[in-house]
Structure formats: C-alpha cells, structure tokens
Amino acid sequence: MGEYPPYAEKFLEREGIHLEMEPGDLKVLKEHTVDFISLSYYNSRCVRSDGQGEASGGNVFASAKNPYLECSQWGWPVDPLGLRITLNALYDRYQKPLFIVENGLGARDEPDGDGCILDDYRIDYLKAHIQAMMDAVDEDGVDLIGYTPWGCIDLVSATTGEMSKRYGFIYVDKDDSGNGTLERVRKKSFAWYRDVIASNGENLK
C-alpha cells in the first residue's frame, strides 16, 4: 500500500509514539513497496463467542476447535478451503502477487516391514491444499507466483522440538532422544511431489 493505515496511526497516537519523519520519507514509502507478499499456511483458526469448548492445536497460538474439520496428529485443523479464503483476502487487501513459502503436514511417519514410508496422508493433505491454491488462481483470479512446501527433509520441529513430528519427503532415521543412524529414505510423497513439480501442478494423482 505504501502508507501507514489509519488504525496504525491511531495506535501510535494512543501509545504516545512519535515517528521521526524526514522530508520525502512518505514519498519513498509510497513509491517503494514490496514486489510480492509471502505467507506460511498450515491451518485456519476459529473462536467461540462464549470462550468455552475444546481447543485445537496450532502454531504459536491455540484456538477453538472447529468441529467440522479433521485434525492432524498434533491437533492442527486441516483446512484447504481456508487457504483459498486466505489467498483471496490477502490479494484483495494488498493487490500484490502472493508466494506461499510454507505449507505442510507434521505426522508420525513409521517405516513398514520393507523400510518404506507410505505417507498417503501427507499426499492427501498437500494435494487438497495445492488444489485449493489452483482454484484461487483459476476461479478467483488471485495472482499466486509460487509455492514451496515445508519441508523437503525431516528435521526437528520448531513448534514442539520433536523429531517425531515429521514434515519432509525424505525420512531421517533419528528419534526425539537423538538416537538413530541419520540414514535417509525417500517417502512415497517424494515421488508424488516430484511428479507434481514436473507437471507444474497439473498432475495431482
């Protein structure tokens, strides 16, 4: 937008905060806005007017549990439609291209008897969110210039400090106590997402 919104100016005024401005600063702000808006999306949030009810899990902040949504193993709501709504809201507000820099599912991935990790639940999650993203572009006219899931390889979860909360397409043999060989194994989602990239999102099967 290139300018401070009125509510921000009022907040600064109420808090007694005075921003030192030099001649030409407002012109610089107006003429040098960002090229695009980046965002992370994992789940939506909802609130209850009575402040009661069960809470859902979430990144940093918990919220009221939405009874209409399934949740991940860590209690995070799975809401691909929420991604489409979010993209529309941000594009309507800022009229800037959008870039999704994080999106993914933390889950307990366990190798089967053959050492394979059949993470169809991750494929389902990503497929639904990529489809919602494509709907926002094709049906709603949102200018979305990129998408990167979190993440390509298992690592310690920033929100819980657990290795067992896995996001990657590549499994790493390491547990929450630091035990393991660090051997890497491609999960089923690895090949699936490779095909998604190769087809630019056209092949989501």
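Student: How many aromatic pairs does the count come to?

Tutor: The model is a predicted one. Rings of Phe, Tyr and Trp pair if their centres lie within 6.5 Å. By this rule, the count of aromatic pairs comes to five.

Student: What geometry does the aromatic pair of Phe36 and Phe99 have: stacked, tilted or edge-to-face?

Tutor: The ring centres of Phe36 and Phe99 are 6.0 Å apart, with 40° between the planes. Planes under 30 degrees apart count as stacked and those over 60 as edge-to-face, the rest being tilted. The pair of Phe36 and Phe99 is therefore tilted.

Student: How many residues apart in sequence are the parts that the pair of Phe36 and Phe99 ties together?

Tutor: Phe36 lies in the loop between helix 2 (25–31) and strand 1 (37–40). Phe99 belongs to strand 4 (residues 98–102). The pair therefore ties together parts whose separation in sequence is 63 residues.

Student: Are Phe36 and Phe99 buried, partly exposed or exposed?

Tutor: Buried requires under 20% relative accessible area, and exposed requires over 50%. Phe36 has a relative accessibility of 38%, and Phe99 has a relative accessible area of 23%. Both values fall between the two cut-offs, so Phe36 and Phe99 each count as partly exposed.

Student: Which geometry does the aromatic pair of Tyr42 and Trp76 show, and what parts of the chain does the pair link?

Tutor: Tyr42 is in the loop between strand 1 and strand 2 (55–56), and Trp76 is in the loop between strand 3 (63–64) and helix 3 (80–94). The pair thus links distant parts of the chain, 34 residues apart. Its centres are 5.8 Å apart and its planes 85° apart, which makes the pair edge-to-face.

Student: Are Tyr42 and Trp76 buried or exposed?

Tutor: The cut-off for a buried residue is under 20% relative accessible area. Tyr42 has 9% relative accessibility, and Trp76 has 8%. Tyr42 and Trp76 therefore both count as buried.

Student: Which residues do ring pairs link into a cluster with Tyr42?

Tutor: Tyr42 and Trp76 form an aromatic pair. Ring pairs link Tyr42 into a cluster with two residues, Trp76 and Tyr167.

Student: Where is Gln131 found, and how is its C-alpha atom placed relative to that of Ala8?

Tutor: Gln131 is found in helix 4 (residues 120–138) and is partly exposed, with a relative accessible area of 34%. Gln131 and Ala8 are 123 residues apart along the chain. Their C-alpha atoms are separated by 35 Å.

Student: What pattern of helices and strands does the protein follow along the sequence?

Tutor: The protein has five helices and seven strands. Read along the sequence, the pattern is α-α-β-β-β-α-β-α-β-β-β-α.

Methods
Residues numbered from 1 in each chain as written. Predicted model: local features only at pLDDT ≥ 70, side-chain atom pairs only at ≥ 80, totals over all residues. Heavy atoms only, no water. Helix = DSSP H or I, 4+ residues; strand = E, 2+ residues; numbered from the N terminus. Buried < 20%, exposed > 50% of the residue type's maximum accessible area, 1.4 Å probe, protein only.
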